[in-house]
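Hi everyone, thanks for making time. Let's look at the structure together, and I'll talk you through a few parts of it.

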Amino acid sequence: MPGLAADQDAVSLVRRVSRALNRRLSDLVGLLFHHKSAGSLGAVAGFAIAVVFAWKFLRSSPARPRRPESKRPPVGPATPDAVEPAGDSGKLTSQQIVVKRLSGCRKVSCQLLGVVFEEKTPEELQKHATVRPSVVELLLEIAKYCDLYLMETVLDDKSEENALMALESAGLFKIGGLMKEKVLFCSTEVGRTSFVRQLEADFHIDTSLDIISQLSRFIRCQLFVSSIEGGQLAANVFNSPSLEQFFS
């Protein structure tokens, strides 16, 4: 129907504008973190007000349908009786492994390239995105236990579309607490770093040693995903060749 098609086009336009604005704002916030002397306090306040008004405008747009709020348990410290007992064989369940490895962390941020996707560079993501089958169930388990955000540095809107389409095709938005709104994009690594700090994540997963090093003072725990040893990593940084090996 013409009316329905028009509504869908409007929704798509608002989402594209929202994602583009989100990417640009993340980079600007990153610059403020790294160049605090570049502007006065009044400039920062003005920027914050502009962000609030832009966000309210996008949220109040009648063309964007309101998603039902997912009912999630309140976030709090992990307790032993929140985990199911091990089976008769004494082997830990997948939920127990996730809880143990996260060490009580309840907000997790995770890079896509090289961790969730087979692709490892932004240039590859411009052409296609492929979710690694071995991480699907693991991500769903993590999303059940904590607040999970996925993020990536991209070169264009096509890359964002490829990423979201791949995640949706893998079934990651059907069950649990992972939603499209929790997949974040930026155009620089500075933007990705600022995302993690803005979210106040207490566990971050990344393939960039530079980002891991910058965040080590602010994040409770991190996982550096690399087949190469990270050298002398901070005490709160783990090292593993892959996400699933860390949670095995």
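Let's start with Arg132, which counts as buried because its relative accessibility is 16%. By buried I mean under 20% relative accessible area, with exposed being over 50% and partly exposed in between, using a 1.4 Å probe and protein chains only. Before I go on: this is a predicted model, where local features need pLDDT of at least 70 and side-chain atom pairs count only at pLDDT 80 or more, while totals for chains, interfaces and linings use all residues. Residues are numbered from 1 along each chain as its sequence is written, and side-chain values use heavy atoms, with hydrogens and water left out.

So what does the side chain of Arg132 meet in a salt bridge? The partner is Glu244, at 2.6 Å from N to O. Arg132 sits in the loop between helix H4 (122–125) and helix H5 (133–145), and Glu244 is in helix H9 (residues 243–246), so this pair ties together parts that are 112 residues apart in sequence. The helices here are DSSP runs of H or I, at least four residues, and strands are runs of E, at least two, numbered from the N terminus. A salt bridge, for us, is a side-chain nitrogen of Lys or Arg within 4 Å of a carboxyl oxygen of Asp or Glu. The whole structure has six of them.

Another one joins the side chains of Asp147 and Lys182, 2.5 Å from N to O. Asp147 is in strand E2 and Lys182 in the loop between helix H6 (157–169) and E3, so to speak a link between distant parts of the chain, 35 residues apart. Lys182 is buried, at a relative accessible area of 9%, and Asp147 counts as buried too, at 13%.

Now stay with E2. Which of its residues are buried on each face? On one side we have Asp147, Tyr149, Met151 and Thr153, and on the other Leu148, Leu150 and Glu152, all of them buried. That's seven of the seven residues in 147–153, so the strand is largely enclosed by the rest of the structure.

E2 also has neighbours on the sheet. Strand E1 (residues 107–111) runs parallel to E2 and is joined to it by five bridges, and E2 is joined by four bridges to strand E3 (residues 183–186), again in parallel. We call two strands paired if DSSP finds at least two bridges between them. Look at Leu150: it stands opposite Cys110 and also opposite Val183 in E3.

Glu152 has a salt bridge as well, with Arg192, and the closest N and O atoms are 3.7 Å apart. Arg192 is in helix H7 (residues 189–199), 40 residues from Glu152.

Last stop, the nonpolar cores, meaning sets of buried Ala, Val, Leu, Ile, Met, Phe, Trp, Tyr and Cys residues joined through side-chain atoms within 4.5 Å. The largest has 44 residues, and Val116, Phe117 and Leu167 have the most contacts inside it. H5 gives the largest share, eight residues. Leu167 touches several residues, including Leu150 and Val183, leaving aside those up to four places away in sequence; contact means heavy atoms within 4.5 Å. There's also a second, separate core of eleven residues, with Tyr149 and Met151 among them.
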